[in-house]
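Morning, everyone. I have one structure to go through today, and I will keep it short. Please look at the sequence and the model first.

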Amino acid sequence: MIPTNPPSTGSRSPAALANDAIRDFVAGNRSWSPTELQELDRLRAAWRQAIREEVVKAA
């Protein structure tokens, strides 16, 4: 049976989730295609944005 609801992220911050996505993406990769590098840049940008939002929220 396939769950109909996405898994709960609990109290994990968006920055932590973005960090996990980066770690999962780079795990085991040793060479990168241009498309993969673009995806890595996109993931890093999402992580940086999440960090900025956390800093603003904390201030």
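Predicted model: local features only at pLDDT ≥ 70, side-chain atom pairs only at ≥ 80, totals over all residues.

The secondary structure comes to two helices and zero strands. The protein has 59 residues, and 10% of them count as buried. Its accessible surface is about 5000 Å², with 57% of that belonging to carbon and sulfur atoms.

Now the surface. Trp 47, Ile 51 and Val 55 make a nonpolar patch of about 250 Å². Take Ile 51 from that group: it sits in helix H2, which covers residues 34-58.

Next, the charged pairs. Side chains of opposite charge can pair when their charged atoms come close. How many salt bridges does the structure hold? There are two.

One joins Arg 12 to Asp 20, with 2.5 Å between the closest N and O atoms. Arg 12 is partly exposed, at 41% relative accessibility. Asp 20 is partly exposed as well, with a relative accessible area of 26%.

Another salt bridge links the side chains of Arg 42 and Glu 39, at 2.7 Å from N to O. Both residues lie in helix H2, three residues apart, which is about one turn of the helix. Arg 42 has a relative accessibility of 48% and counts as partly exposed. Glu 39, at 26%, also counts as partly exposed.

That is my part; questions are welcome.

Notes: Residues numbered from 1 in each chain as written. Heavy atoms only, no water. Helix = DSSP H or I, 4+ residues; strand = E, 2+ residues; numbered from the N terminus. Buried < 20%, exposed > 50% of the residue type's maximum accessible area, 1.4 Å probe, protein only. Areas by Shrake-Rupley, 256 points an atom, 1.4 Å probe, with all protein chains shown as cover. Patch = residues over 30% accessible without salt bridge, like charges linked within 9 Å, V, L, I, M, F, W, Y side chains within 5 Å. Salt bridge = Lys/Arg side-chain N within 4 Å of Asp/Glu carboxyl O.
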